[in-house]
Amino acid sequence: MDEEELNEFYGRHGIVPECQSGWHKIIVELDSRIAAIAPNYKAEQIKEKFGALRFYYDSMSIDPSDWDTVNDLVRSAEDESLSTCEVCGATGSTVGPRTRSRWIKTLCETHAN
């Protein structure tokens, strides 16, 4: 997500993703897929939690007949984040807590070291 995409996303949803830029491509693609189904949907929060992307949206902005489809799209994007470095977007894996850090992250080899 470059600065223009980030500004556009903020303009539509009023939030910015609370994760590093390696996952921005996943978020942009997910946003586009959901908007194709529900053009006026609202993302409520996007963050990293336990090494995975978490994408929360206002379910009232989605027609109930589309909930399953949108939930499947979100689940797929969240699953994709588990093999994508949050920092750079390269192939990564979940890294458990280190001695000085209690955080679980999904990182490539470079960023894990």
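The model described here is a predicted one.

Five residues of α3 are named as buried, namely Val-70, Val-74, Ala-77, Glu-78 and Ser-81. Viewed down the helix axis, the buried residues of α3 fall within an arc of 100 degrees, and they therefore line one face of the helix. An α-helix has 3.6 residues a turn, so residues three or four places apart point the same way. The elements against which the buried residues of α3 pack are helix α2 (24-37), strand β2 (52-57) and strand β4 (105-107).

Ser-81 belongs to helix α3. Its relative accessible area is 0%, and because buried means under 20%, Ser-81 counts as buried. Apart from its neighbours within four places in sequence, Ser-81 has contacts with Trp-23, Ile-26, Gly-51, Ala-52, Leu-53 and Thr-106.

### Salt bridges

The structure contains 6 salt bridges. Three of them are listed below, with the distance between nitrogen and oxygen.

| Pair | N to O distance |
|---|---|
| Arg-12 and Asp-31 | 1.9 Å |
| Lys-105 and Glu-48 | 3.8 Å |
| Asp-72 and Arg-75 | 2.8 Å |

Arg-12 and Asp-31 are joined by a salt bridge between their side chains. Arg-12 is in helix α1 (residues 3-13) and Asp-31 in helix α2, so this pair ties together parts that are 19 residues apart in sequence. Arg-12 is partly exposed, at a relative accessible area of 30%, whereas Asp-31 is buried, at 7%.

A salt bridge also connects Lys-105 with Glu-48. This pair links distant parts of the chain, with Lys-105 in strand β4 and Glu-48 in strand β1 (residues 43-49), 57 residues apart. Lys-105 is partly exposed, with 22% relative accessibility, while Glu-48 is buried, with 13%.

The salt bridge between Asp-72 and Arg-75 lies within helix α3, where the two residues are 3 apart and thus separated by about one helical turn. Asp-72 is partly exposed, at 44% relative accessibility, and Arg-75 is partly exposed as well, at a relative accessible area of 45%. Elsewhere, salt bridges with shared partners join Glu-8, Arg-12 and Asp-31 into one network.

Methods:
Residues are numbered from 1 along each chain as its sequence is written. This is a predicted model: local features need pLDDT of at least 70, side-chain atom pairs count only at pLDDT 80 or more; totals for chains, interfaces and linings use all residues. Side-chain values use heavy atoms; hydrogens and water are left out. Buried means under 20% relative accessible area, exposed over 50%, partly exposed in between (1.4 Å probe, protein chains only). Helices (H or I, at least four residues) and strands (E, at least two) are DSSP runs, numbered from the N terminus. The arc is that of the directions from the helix axis to the C-beta atoms. Contact means heavy atoms within 4.5 Å. A salt bridge is a side-chain nitrogen of Lys or Arg within 4 Å of a carboxyl oxygen of Asp or Glu.
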